[in-house]
Structure formats: C-alpha cells, structure tokens
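Here is a colleague's note for someone meeting this structure for the first time. Please read the numbered points with the sequence and the 3D view side by side.

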Amino acid sequence: MMAGAPNKLSRFNIVSLALGLAFLYLPIVILVIYSFNYSRLVTVWGGWSIRWYVEFFNDRAMLDAAWMSLRVGASSATLATLLGTLAAVALSRGERFAGRTLFSGMLYAPLVMPEVITGLSLLLLFVALDAERGFWTVTFAHTTLTMCFVAVVVQSRLGGLDRSLEEAAMDLGCDPVRAFAAVTLPLIAPAIAAGWMLAFTLSLDDLVIASFTTGPGSETLPIRIYSEVRLGVKPEINAICTLVIALITVVIVVASLASKLSGQRGESAAPL
Amino acid sequence: MSARRLFARPARFAAIAPYVWMVLFFLVPFGFVLKISLSQTVIARPPYVPVFDLTQGFASFKAALASLSADNFRLMVSDDLYVLSYLRSLVVATVSTSILLVIGYPIAYGMARLPKRWQGLAMMLVIVPFWTSFLIRIYAWINILQHDGLLNQLLLALHLVSAPVAWLSTDTAMYIGIVYSYLPFMILPLYATLVKMDPALEEAAADLGSTPRQVFWLVTFPLSLPGVAAGVLLCFIPIVGEFVIPDLLAGSDSLMIGQTLWLEFFTNKDWPVASAAAVLLLALLLIPLLFYERLQRRQLEGGR
C-alpha cells in the first residue's frame, strides 16, 4: 500500500474533523452545563440546580416574548411553506415564463442579503402603508425571508424527482392538477415538512429583522434576550438558551427523519 | 414531451402568489429605501420629509423630483465615520472569509472522505449548530470569553498568562464569533462539491506519480472551485452587513457598516441617513450578489 494513496481517511482528515466538531459543539455544551449551575456567578460552579429555569418561568416579560416568538414562528412558517412550495413548483415545473429571471432572483437574494437591509426596507414599507407594527408585521417580514429557504429546499427535492412518474399519471388520464396532487405532492411532502421546520427555527432565531419591524410592546424572544445580553451574562439567559436549543433539537430530529423518509421514496430512476 | 408541457401551464400559475408577495415585500421596499435615502431628515413621525406624494398629481411629482437631495450620500463619502465603517466591513469580511476557508476546507475534506455510512451523521452534526440560534451561539462565546470566563480560567490554571486577558470587546473575539457562526455555511457547499468528485481522478494522478500534495493542488482543489465560490459568497455577503456579532463581541471604537446603519436608525433616529447607508451597502454587494444568484440558479435548475 502506497503511503500517499488518496481517497483514504488520513490522520490529517480525522484530526481536522475532530477539531472542527469540537469547535462547533464545545461552546454550546458549556452553555448548557452552566444553565444548571446553582451559583449566580456564571463561572463559579455551585452545584447542580434548576433555579434559573424556575426564574425563567416566573419572568413574565420573558414568557410573553417567548409566546410571541412561538406564534410568529408558527404563523410565518406556515405562510412561508405555502408560498415557498408554490414558488418551487413554478420554478422547477413551469418551464419558461415571463419574468422568470426576476422571480428566481428575488427568491435567491434574501438567502444572503444582510438582515439590516431587509429589515430596514420592510420597516419603511410598513410605515408607508401605515400598518400598525406588531405581530403581523413581524410575521410578514419573517415570511418574506423564510419562504425563500422553503423554496430552495422543496425545489432541490423536485429537481431530484423522476418526472416520468408525473407524466405516466397524465398518460393514464390524470389532469395536471390531479397528477400533481396524487403523485408529486406525496413525494415532496417530507421536503415540505422539513421546509416548515427550517422556516420555524429561522423565525425563532431572528433578531435583526424583528427589531426593525416590531412595534412597542411586542417583543420577540431574541429581542428580549439581546437586551439582557447587552447588560452582561445572566444565568437565566443560559436556561432560556438551553430550552431553545432543546426545542430546536427536537425540530431537527423530526425534520431529518422526514427527509430520510423522503430520500427513500421515489428517487429518480434515470437521470433526466 | 407533451405531458411535460401540459404540466407546465398550471405550474406557472403557482408562481402568481409568491411572485406578488416578493414584489410587494422585497422589491417595492427597496424603492422606499431609495426614496427615503434621498429625502431630508426632520424631527417628526416618521422622521423624514415625504417625497413623491403621488396623491397630489403630476405637478407635485415634478416639484418633488426637484427637491430630491443627494445630501445623505454626500455625507456618506465625506464623513470619516461612514467611510471607515465601509472599509472596516470589507476588511472584516475578507479576513473572516479567508479564515473560514482555511478552517472549513480540511473539515469538509475530512467529511467527504469518511465512509459513506458516517457521512450522513457528520453532515447532520455540522447542520445542527446552523439551526441553533445565532444569538445563542454568540452568547455562548460571551460566557467563555468574559473576564472571569472559562478561557481565562484555563489559561491561568495552565500558567500561560499571569493575569486575565481582556478578550471581550476586541477584534479577536469578533473574529472568533464570526468564524464560529458562519463555519457551517462554508463547510456545506465545500462538502457538497468534494463528495461528488470522482475518486478515480485522484487515484489516477497518484498512480502517475504525483505526491499527495500535488494531487491536492493539481486535481482536488481546482475541481472543488465551484464549492469554494459558493462557500465564499455565502459567508462574505452576509458578513459585510453583519450587526449582531460585532455589536456583542467587538469593541465600540470602530464600527462595521451594519452597526452604523443600526445606530443611525435606532439611536439617532435618522432614517434618511440609515437608508443611504443601506443603499450604498447594497451597491457594494450587488456584484457578489449577482454571482451568488447565478450560482444558485445553476445548481438548482441545472443550467436550464
């Protein structure tokens, strides 16, 4: 065996992988461990305790913010999934249509657009429309951002589907809408579910766009956390962060099971 | 194929709702940003002089056109605060994207060489932090980097330093935060390109007598360039406009443009200047954005 044989996992590969994953996970693990620290000083270990969780559940303002975030997340993710899926269908099945380039441009740009720009521009729109800022403005703003992510997830799934399945259904007498509902939709359902969950977590996470588009009295959880963090480290924040991480982990596990399911079904038989 | 064409017509109708939505909530708002960036600041609610009041007919439209002012843009290029924050944003984005590439490439390469059955798990492990809240991940680093935080405790225990080091409010802390937050964005496109590469190409180069280093630089790296481009754009563009990370981790003596915009908007309540900053930021990012859009389209639509 030659020493330099490529395609083998070299020691360098293993070390860089291990270090990379440690770098990604260590800070989160530390945060979670210290959320169970009895001591008020974040850096002194005072024994295991859940007092900061108790504190969180007694913190009215924080609970209100969390509730607001969950509502915004669920509503915007649902709207975004609907719109994003439609966009994905149009882009991957609609062939050519007028304004297609503009359409795809508008869908892909928000994926990398700095949030300060998106946030500011949406706020100016809401002010111009004289819309009352609060739950709905944040929800619409998040929908605009997250539908693009849903569109990409669903579109890449649609791109991997064997289109002869749809065509067979139509040859057998289905009209296009029925062929879509009976054949395509079940096949992309797991990707749609994964898209919803991605949209939900993105909305739950967003600070910048929500700060611009919300109004007085309706803070989301990240806005609340941010104003606390600016004042310094507080153990209660560790507890809240741990709860959010736990919620998101559950969502990811469900999403990955869904996409695993999607990977097993209806994989493209012949490359198109 | 007639069935395909038959399918395309209703599929095109699916575009209507998202199209209208994106025009209303993505395209039109930019018009407002542009408009307000050209208006004057006043102390009022909303704090700018309205321009283009179309309800008053065409005559007022012409009058409004005459009253447009480029003052905010003149301010941008003449005031050091703005010029410096633009430059700083570019420097920070360039430096952090380079660090990300250097750190992310070996990780992605390692992932692509894992046995197939481990790759799914490795990808999952890289994606999970990406789904975990941005703010929480920065907060986790504040825990570690603060004055009596774990890093200083560790360094003191190992006698590497004799007094706690001030990590927070430094550029070092900011770079750690940026690299930490954007690492998955760099790794995933790199991994996607590397894993699709035909291993026979590297084998052939090795069989023909290339050293492992030559194999990497002559075969592997050039073939992974599309992934490099995607990863670099995916990191560079948002980092230029980054607000949260420099705000929480870097010192306040020099600002990035995202922070300046935020400050003008929330603290100084100067909407026109904030809008002008947004317009210039967008202009700065237009070319990389267009590149990114093309790359994304090619990837999702197979160069149709």
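This is a predicted model: local features need pLDDT of at least 70, side-chain atom pairs count only at pLDDT 80 or more; totals for chains, interfaces and linings use all residues.

1. A second pair in chain B. The rings of B:Phe216 and B:Trp217 have centres 5.0 Å apart and planes at 85 degrees, so this pair, too, is edge-to-face. Is B:Phe216 buried or exposed? Its relative accessible area is 16%, and because buried means under 20%, B:Phe216 is classed as buried.

2. An aromatic cluster with members from two chains. A:Phe212 and A:Tyr226 belong to one aromatic cluster together with B:Phe243, B:Trp262, B:Phe265, B:Phe266 and B:Trp271.

3. The surroundings of B:Trp131. When its neighbours within four places in sequence are left aside, B:Trp131 is in contact with A:Ala194, A:Met197, A:Leu198, A:Thr201, A:Ile248, A:Val251, A:Ile252 and A:Ala255. This residue of chain B can therefore be followed in the 3D view by way of those residues of chain A, given that contact means heavy atoms within 4.5 Å.

4. A helix pair in chain B. Two packed helices are described by the angle between their axes and the distance between the axes. Helix α5 (residues 80-113) of chain B packs with helix α14 (residues 257-267) of chain B at an angle of about 140 degrees, and their axes are 8 Å apart. The two helices, α5(B) and α14(B), are therefore oblique to each other. On the side of α5(B), the contact is made by B:Leu81, B:Tyr82, B:Ser85, B:Tyr86 and B:Ser89, while α14(B) provides B:Ile257, B:Thr260 and B:Glu264. Sorted by class, the contact of α5(B) with α14(B) has four nonpolar, three polar and one charged residues.

5. Positive phi values. Most residues other than glycine have a negative phi. In A:Asp130, however, phi is near 60 degrees, a positive value in a residue other than glycine. A:Asp130 sits in the loop between α5 (115-128) and α6 (135-159) of chain A, and with a relative accessible area of 68% it is exposed. B:Ser169 also has a positive phi near 60 degrees; B:Ser169 is placed in the loop between α8 (150-157) and α9 (171-196) of chain B, and at 49% relative accessibility it counts as partly exposed.

6. Two partly exposed helix residues. A:Leu185 belongs to helix α8 (residues 176-205) of chain A and, at 33% relative accessibility, counts as partly exposed. Apart from its neighbours within four places in sequence, A:Leu185 is in contact with A:Phe180 and A:Ile192. B:Arg298, in helix α15 (residues 271-301) of chain B, is partly exposed at 48% relative accessibility. From B:Arg298 to B:Gly231 there are 67 residues in sequence and 15 Å in space, C-alpha to C-alpha.

7. Chain A comes to eleven helices and zero strands, and its C-alpha trace spans about 70 × 70 × 30 Å along its principal axes. Of the 272 residues in chain A, 57% are buried. Chain B comes to 15 helices and zero strands, and of its 304 residues 51% are buried. In chain A, residues 24 or more positions apart account for 71% of the contacts with a separation of 6 or more, and in chain B the corresponding share is 71%.

Terms used. Residues are numbered from 1 along each chain as its sequence is written. Chains are lettered from A and ligands numbered from 1 in the order in which they are written. Side-chain values use heavy atoms; hydrogens and water are left out. Axes are lines fitted to C-alpha atoms, for helices over the stretch in contact, and angles run from 0 to 180 degrees between N-to-C directions. Helices (H or I, at least four residues) and strands (E, at least two) are DSSP runs, numbered from the N terminus. Angles under 35 degrees count as roughly parallel, over 145 as roughly antiparallel, 65 to 115 as roughly perpendicular and the rest as oblique. Ala, Val, Leu, Ile, Met, Phe, Trp, Tyr, Cys and Pro count as nonpolar, Asp, Glu, Lys and Arg as charged, and the others, Gly among them, as polar. Rings of Phe, Tyr and Trp (its six-membered ring) pair if their centres lie within 6.5 Å; planes under 30 degrees apart count as stacked, over 60 as edge-to-face and the rest as tilted. Buried means under 20% relative accessible area, exposed over 50%, partly exposed in between (1.4 Å probe, protein chains only).
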